[in-house]
Amino acid sequence: PNQREDKTGRRNLKQTNLLPLLLPGLHRFKLGTMLAVATRRSIFSIGLAFAARCYCAVEASAFINNPLIKPTTPRATPPPLRMSTTASPDVSRFMAGPRPEGTEKTKMQQTMIRVKDPVKSLEFYCDVLGFKLVMYREFPAWSFNVYFVAPVDSVDIPDDPDKQWDYCMNIPGCIELTWNYGSEKEEGLVYNTGNADSTGVSDGSKVKGGFGHLGITVPDVYEACERFHKLGCTFTKTPNSGGMKGLAFMKDPDGY
């Protein structure tokens, strides 16, 4: 009785008062899992989701087993972010005051990852994630090319190569895809992602590297992930799985 289907065929949950479920005579109902599903904004790949209200459902397993279904119950405003109460260094000074002299115009412009096949990577970052190739440079003397992608519109990308460079260097958050010639001919994965990955390790042991992930935000993580799922993307975490709801992780062609 606490499930219904909307026009899209999704199963939705109505908020349930826990007290009646505990009263005698209702033992025939199977109490599902407590769902904590409240986020300030939908976040894909990186973010924090804080539970503000718990929801229960009778026979909720159908909902839980489909990790891409978007919860449609009303969500309360989550509590404000609070600093950890565990013994941690005091970092408050790094949030205060002006930037050091000479760094006022510094931007976080790019992060670079090496890719096996530039075409497959560009198909993922441009056709799947919606980025655009802003600029690329070829360096045959050193046997590599670089491709800069960013979430911009094509009409804003200059035609002149020199202007493309200036435009690219002033866009925060570009991803530089570096292709070393010949890597596309190698079998299997080529680069270690740093996430407990055994790629490139002679004894097959998993490397605990420092790299974690690249993060992007989307208007609705559930709708975005439904699209990614239809496009055949590989997920390591869907929005409803795990303890943190409303964020997802998926792999690019090189396993990042």
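A residue is termed buried when its relative accessible area is under 20%, exposed when over 50%, and partly exposed in between (1.4 Å probe, protein chains only). Of the 256 residues of this chain, 34% count as buried.

The model is predicted, so local features need pLDDT of at least 70, side-chain atom pairs count only at pLDDT 80 or more, and totals for chains, interfaces and linings use all residues. Residues are numbered from 1 along each chain as its sequence is written, and side-chain values use heavy atoms, with hydrogens and water left out.

**Exercise 1. Describe the open sheet of 4 strands and the helix that packs on it.**

Step 1. Helices (H or I, at least four residues) and strands (E, at least two) are DSSP runs, numbered from the N terminus. The chain holds 5 helices and 14 strands.

Step 2. Two strands pair if DSSP finds at least two bridges between them. The order in this open sheet is β6-β9-β8-β7, and the pairing is mixed. β6 (110-115) and β7 (132-139) stand at the edges with a single partner strand each, so one side of each has no neighbour in the sheet. On average, neighbouring strands are turned by 20° against each other, direction ignored.

Step 3. β6 pairs with β9 (residues 174-180) in the parallel sense over 6 bridges, and R114 stands opposite T178 in β9. Helix α4 (residues 161-169) packs on the sheet and touches β6, β7, β8 (144-150) and β9, where contact means heavy atoms within 4.5 Å. The direction of α4 makes about 115° with that of β7; axes are lines fitted to C-alpha atoms, for helices over the stretch in contact, and angles run from 0 to 180 degrees between N-to-C directions.

Step 4. Within α4 lies Q164, which counts as buried because its relative accessibility is 17%. Beyond its neighbours within four places in sequence, Q164 contacts V134, M135, I157, P158 and D159.

**Exercise 2. Examine the hairpin of β7 and β8.**

Step 1. The two strands run antiparallel and are joined by 7 bridges. E138 stands opposite N145 in β8.

Step 2. The hairpin has 4 residues between its strands. In this loop lies S143, which has a positive phi of about 60° although it is not a glycine. Most residues other than glycine have a negative phi.

Step 3. S143 counts as partly exposed because its relative accessibility is 34%.

**Exercise 3. Identify the buried residues of helix α3 and what covers them.**

Step 1. In α3 (residues 118-128), the buried residues are P118, S121, L122, F124, Y125, C126 and V128. Their cover includes β6, β7, β8, β9, α5 (221-230) and β14 (249-251).

Step 2. At the start of α3, a side-chain oxygen of D117 comes within 3.0 Å of the backbone nitrogen of V119. Just after the helix, G130 takes a positive phi of about 90°.

**Exercise 4. Characterise the surroundings of K237.**

Step 1. K237 belongs to strand β13 (residues 234-237). K237 is buried yet has no salt bridge, meaning a side-chain nitrogen of Lys or Arg within 4 Å of a carboxyl oxygen of Asp or Glu.

Step 2. The nearest side chain of opposite charge, D220, is 13 Å away; Lys and Arg count as positive, Asp and Glu as negative, while His and the chain ends are not counted.

Step 3. A polar atom of the K237 side chain lies 3.0 Å from the backbone oxygen of L247. Not counting residues up to four places away in sequence, K237 touches M244, L247, A248 and F249.

Notes: A polar contact is a pair of N or O atoms within 3.5 Å; within protein, one must be able to donate a hydrogen and the other to accept it, and residues adjacent in sequence count only if both atoms are side-chain atoms.
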